[in-house]
Amino acid sequence: MFLRAASVLLLASLSGCPKQPAAPSGPEWDTTPRLPAPLAGSYTRVEEVPPDPALAAFLKGRRWDAALSGAAAGLALQLVNEPAGGPGLTRWRVREALWKAGYPFPVADARAWVAVDEVGSPPPPLTEWLAAFPEGDDLGLVRARGNENVVWIGLRATPTANVGRIPRQLPEGGSFTIPANPGARWMVSDANGELLHGELDAPATVECNSVGEWMVEIVPATGASALFPVYVGMVPPELALIRTVTAVRTPADALHRAETLLREVRDAYGSTALQRDFVLDAGARSLLRGDAGSADGVRTSLGLDPAGTMLFQCSGTTVEACIDTVVWKPENRLALLDDQSALGLAADVDGSGVQLVGIVSVTH
């Protein structure tokens, strides 16, 4: 009887005590990561909750873009088992991942981190990067588990235009529409390099009547342009026209590498090799020295047709980075890919990298 009464009193005492809250559970980083799709059928922004429950708990409601994170996933799958000293997050590798995943804006920051513990939790530099993340920017963040480590990829972008939803592939004769962006302009080069353009005070519909790669650029009043290809009547090819980096120490090295890259780009599109032109070389050297006035002045003095001339000035840590900034621009495509184009180049190399001036002009 005494034991029974004691048991009743104990139960009554326990039932009257307030329940202690369960210890908060953090993300379970030892779980298998769930990645967003690295391939998409259209270009757009997609705000979603990460499919990876541990990542969703870690971000705690922070805006996460599925298309940008799809690009991060594509990069993570390349890097997670890449040997030490591999290419890493090159400009062209990031751009290719963006376009495959359907993200139409350039990346302002791309980072890769390797987890420092066995379960693969976020390393402190990643947490610091997130803490300083600008409000309003798009976030792409994923983790991928390899054979020996866990790699985190973080991408940040600042969208400045509305692209709506534009397909990556279309049949010949199909069309796409760019939404209205007051104060912005649009440019599209067709599969032959011919340039279409206009203002975006109202929506613009583009009829795609030739098979090939169409390059689309939306230029806002301020900020970075949206830039991406649409493939008409064809399957999207591999986009990485540049896959290796060559060290250059002299202007002659830089000139040789630039000419080689431009030849390889034209080869990829079935165009013949560019022919060097000493008059265009002289114009490029004059522009590089700064004694030729503006680019328009060079075109005028050399009697070049603006519509059939690609004139570029770029600087970067490598020749490859320079060339990659110009080959995708819609206004450059006609001269770049025409079978009868001539080339002029000038270069300078210093401790900060490479300065390059190029003139490619249609000769017929």
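How many of the eight residues of strand S5 (residues 138-145) are buried? Seven of them are, which leaves S5 mostly covered; buried here means under 20% relative accessible area, with exposed over 50% and partly exposed in between (1.4 Å probe, protein chains only). Strands (E, at least two residues) and helices (H or I, at least four) are DSSP runs, numbered from the N terminus. The model is a predicted one, in which local features need pLDDT of at least 70 and side-chain atom pairs count only at pLDDT 80 or more, while totals for chains, interfaces and linings use all residues. Residues are numbered from 1 along each chain as its sequence is written, and side-chain values use heavy atoms, with hydrogens and water left out.

Strand S5 has a partner in strand S6 (residues 150-157), and eight bridges hold the two in an antiparallel pairing; two strands pair if DSSP finds at least two bridges between them. A hairpin of four residues leads from S5 to S6, and within the pair leucine 139 is set opposite arginine 156 of S6.

A further set of strands forms an open sheet of five, ordered S8-S14-S13-S10-S11, with mixed pairing. Strand S8 (169-170) and strand S11 (195-199) are the edges; each has a single partner strand, so one side of each lacks a neighbour in the sheet. Strands S13 (residues 212-219) and S14 (residues 226-232) run antiparallel and share seven bridges, with valine 216 facing phenylalanine 228 of S14.

At the start of H7, a side-chain oxygen of aspartate 277 comes to within 2.8 Å of the backbone nitrogen of valine 279. Just after H7, glycine 290 adopts a positive phi of about 90°. Buried residues of H7 are Leu280, Asp281, Gly283, Ala284, Ser286 and Leu287. Among the elements covering them are helix H8 (295-302) and strands S16 (309-316) and S17 (341-350).

The largest pocket has a volume of about 490 Å³. Its lining comprises 16 residues, and Arg91, Arg95, Pro106, Val107 and Leu227 lie nearest the centre. Helix H4 (residues 91-101) gives the largest share of that lining, five residues. A pocket is an open set of points on a 1 Å grid over the protein atoms alone, where a 1.4 Å probe fits, with protein on both sides within 12 Å along at least five of seven lines; lining residues have an atom within 4 Å of a point.

Note on methods:
Contact means heavy atoms within 4.5 Å. A polar contact is a pair of N or O atoms within 3.5 Å; within protein, one must be able to donate a hydrogen and the other to accept it, and residues adjacent in sequence count only if both atoms are side-chain atoms. Grid points are joined across faces, edges and corners, and a volume is the space filled by probe spheres set on the points.
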